[in-house]
Amino acid sequence: MTTLSAAHRFRDPRSTKYDFIGSILVRCPNCAKVAHVVPSPAGAGDARATLFTPRRLVCRNCGLSRVSTASRVSFSRGTAQPATDPYFGTPLWLQRETRHGWLWAYNLDHLNLLQRFVQAPLRERGECRLERIRT
């Protein structure tokens, strides 16, 4: 009987796209280089920061800075077209078209999770969040 090492096993942390929206890498609408969508300074330190916390789009290359205080967010649906960030509608930096549609990630942590999932020959489901709360 062989045992798979941790590198060959993926245990699903039950993450969702909401777990990765703290910092989103996007294509700058001004210079087409990488830019960041992050919680604005006023909302970043708030322990109650939520999906609707105001966000800033900041490009370190050209200096572009925009603030979104919209109370609506719009997530990309499906893989038939390129994905955009939910706050400004700007194309994501980490995305690529494949023969099965568009593959995308919000940031490097999200990309790392996808990479570990794809590379693992053994994929295990993690316990449900409700189960963790009960124990």
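Mentor: Gladly! Let us begin with contacts: a contact means heavy atoms within 4.5 Å. In this predicted model, residues 24 or more positions apart account for 49% of the contacts in the chain with a separation of 6 or more.

Trainee: What should I know about the numbering and the model?

Mentor: Residues are numbered from 1 along each chain as its sequence is written, and side-chain values use heavy atoms, with hydrogens and water left out. As the model is predicted, local features need pLDDT of at least 70 and side-chain atom pairs count only at pLDDT 80 or more, while totals for chains, interfaces and linings use all residues.

Trainee: How many helices and strands does the chain have?

Mentor: Helices (H or I, at least four residues) and strands (E, at least two) are DSSP runs, numbered from the N terminus. Here there are three helices and eight strands, in the sequence pattern β-β-β-α-β-β-β-β-α-β-α.

Trainee: Which strands form the open sheet, and in what order?

Mentor: Two strands pair if DSSP finds at least two bridges between them. In this chain, the order of the open sheet is 2-3-4-5, with antiparallel pairing. Strand 2 (24-27) and strand 5 (65-68) are its edges, each pairing on one side only. Inside the sheet, four bridges link strand 3 (residues 34-39) to strand 4 (residues 55-58), and V37 stands opposite L57 in strand 4.

Trainee: Is A120 buried or exposed?

Mentor: Buried means under 20% relative accessible area, exposed over 50%, and partly exposed in between (1.4 Å probe, protein chains only). A120 has a relative accessible area of 4%, so A120 is buried. This residue is found in the loop between helix 2 (108-119) and strand 8 (122-124). The C-alpha atoms of A120 and H8 are separated by 4.9 Å, although the two residues are 112 apart along the chain. Of the 135 residues of the chain, 27% count as buried.
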